[in-house]
Amino acid sequence: MKFSYQQAFRAMILLAFSAMLFKLHFTGEITKFINPKYVGLSQSASVIFLILFFIQITRIWSVKEHSDGHCHHEDHVCGHDHGVSAFNTKKLVSYMIIIIPLITGFLLPAKVLDSSIAAKKGGMAVLSSQNSSQKDSQKDTSNQDSTDTDQVTQSDTQVDDNPLDPGLAANQEVISKEEFDQIKQKLELASNIEMNDFVYNTYYEEISKDVKKFKGRKIELKGFVYKEEGFQDNQFVLSRFLVTHCVADASIIGFLSELSGASNIEQDTWIEANGVLDITNYNGMELPYIKITEWKSISPPKEPYLYPISVKIL
């Protein structure tokens, strides 16, 4: 019997990937990297890596005289590596590319995105462009059907009497188009807007499309404090990160806010706030603006990121 160190090393890599994914799921840290709707796929990947590990084990020991099978290594006929060729620089680079994510995954703690990442992603420039694109989208929609946007029907009122429970909806991977419309209709009628994590992104988009419609309404929300050069002493952005697929595509969303004594609040502090929606201009762009009336410091939530609502289109 011949023992192959390279094949054994490859088996350990497969086992390590399976163990790392299992660890992330066991600790709950997996949602700090991916959208929860992909958790099932990640769990499947962990199982697949484990299966591949057991398959790879069979390649570690081989009968020397038959190890070549139908390939002639000395003649390089088959054109691929069976793990018995000499270790070289090319293999070293290949292994390092694979090993580095494993080392960081096991040794480095999962870090929640914060204001330093928000600044690198563009900060207020991104928020301004988001609001601009939302307004353009609203104009296109209004041209198609201006009547629907100016009227609230009797059925809309019934939605407010029997709103969709955010707690129930948050546990659904996909909601129907009717349920999604109910969420938006509830916002239309709300005098006090509650920005819970499930509806946050949808409400944010609707408010950004037509800020004037929501001016003067009360609003409740939470987020981390983000400050930027050029802000006044009483200004900051009450921010969140929106993750569509994974943290690599995370984008900052939030509201420019006004609060007396804001200069005393450290950046990245999580707060829960009540305020009134208003309108302001920032670098020539019309943006929603919150005049905070009450606030309190809170601990960072267990699930700090926001996710888009998945809507099933029939």
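Which residue's side chain meets that of Lys209 in a salt bridge? Glu206 does, at 3.3 Å from N to O. By salt bridge I mean a side-chain nitrogen of Lys or Arg within 4 Å of a carboxyl oxygen of Asp or Glu. Hi everyone, I'll come back to that pair after a quick word on the model.

This is a predicted model, so to speak of a local feature I need pLDDT of at least 70, and side-chain atom pairs count only at pLDDT 80 or more, while totals for chains, interfaces and linings use all residues. Residues are numbered from 1 along each chain as its sequence is written, and side-chain values use heavy atoms, with hydrogens and water left out.

First, the overall picture. The protein has 11 helices and 10 strands. These are DSSP runs, numbered from the N terminus: helices are H or I with at least four residues, strands are E with at least two. Of the 314 residues, 38% count as buried. For those cut-offs, buried means under 20% relative accessible area, exposed means over 50%, and partly exposed is in between, with a 1.4 Å probe and protein chains only. The protein exposes about 18200 Å², and carbon and sulfur atoms supply 56% of that. The areas come from the Shrake-Rupley method with a 1.4 Å probe; for residues, only the protein chains shown count as cover. If you take contacts between residues at least 6 apart in sequence, 72% of them join residues at least 24 apart. A contact here is heavy atoms within 4.5 Å.

Now let's zoom in on helix H9. H9 covers residues 177–189, 13 residues in total, and reaches 19 Å from its first C-alpha to its last, close to the 18 Å expected at 1.5 Å a residue. That expected span is 1.5 Å times one less than the number of residues. Which residues of H9 are buried? Phe180, Ile183 and Leu187 are. They cover an arc of only 55° around the axis, which puts them on the same side of H9. The arc is taken from the directions from the helix axis to the C-beta atoms. What covers these buried residues includes strand E3 (175–176), strand E4 (192–194), helix H10 (200–209), helix H11 (211–214) and strand E10 (311–312).

I call two strands paired if DSSP finds at least two bridges between them. E4 pairs with strand E5, residues 218–226, in the parallel sense over three bridges, and Glu194 has Glu220 in E5 as its bridge partner. E5 also pairs with strand E8, residues 270–282, this time antiparallel and over seven bridges; there, Lys218 is partnered with Val276 in E8. Then there is strand E6, residues 235–242, joined to E5 by three bridges and running antiparallel. In that pairing, Val225 stands opposite Leu238.

Back to salt bridges, as promised. How many are there by this rule? The count comes to seven. Our opening pair, Lys209 and Glu206, are three residues apart in helix H10, so they are separated by about one helical turn. Lys209 counts as buried at 18% relative accessibility, and Glu206 counts as buried at 15%.

Another salt bridge brings Arg240 and Asp197 together at 3.2 Å, N to O. Arg240 lies in strand E6 and Asp197 in the loop between E4 and H10, so this pair ties together parts that are 43 residues apart in sequence. Arg240 is buried, with a relative accessible area of 0%, whereas Asp197 is partly exposed at 27%.

One more: Asp278 forms a salt bridge with Lys215, with the closest N and O atoms 4.0 Å apart. Asp278 lies in strand E8 and Lys215 in the loop between H11 and E5, so parts 63 residues apart in sequence are tied together by this pair. Asp278 is buried at 16% relative accessible area, and Lys215 is exposed at 51%.

Last, a backbone detail for anyone who likes torsions. Most residues other than glycine have a negative phi. Asp268, however, has a phi near 75°, a positive value. Asp268 is found in the loop between strand E7 (251–258) and E8, and counts as partly exposed at 29% relative accessibility.
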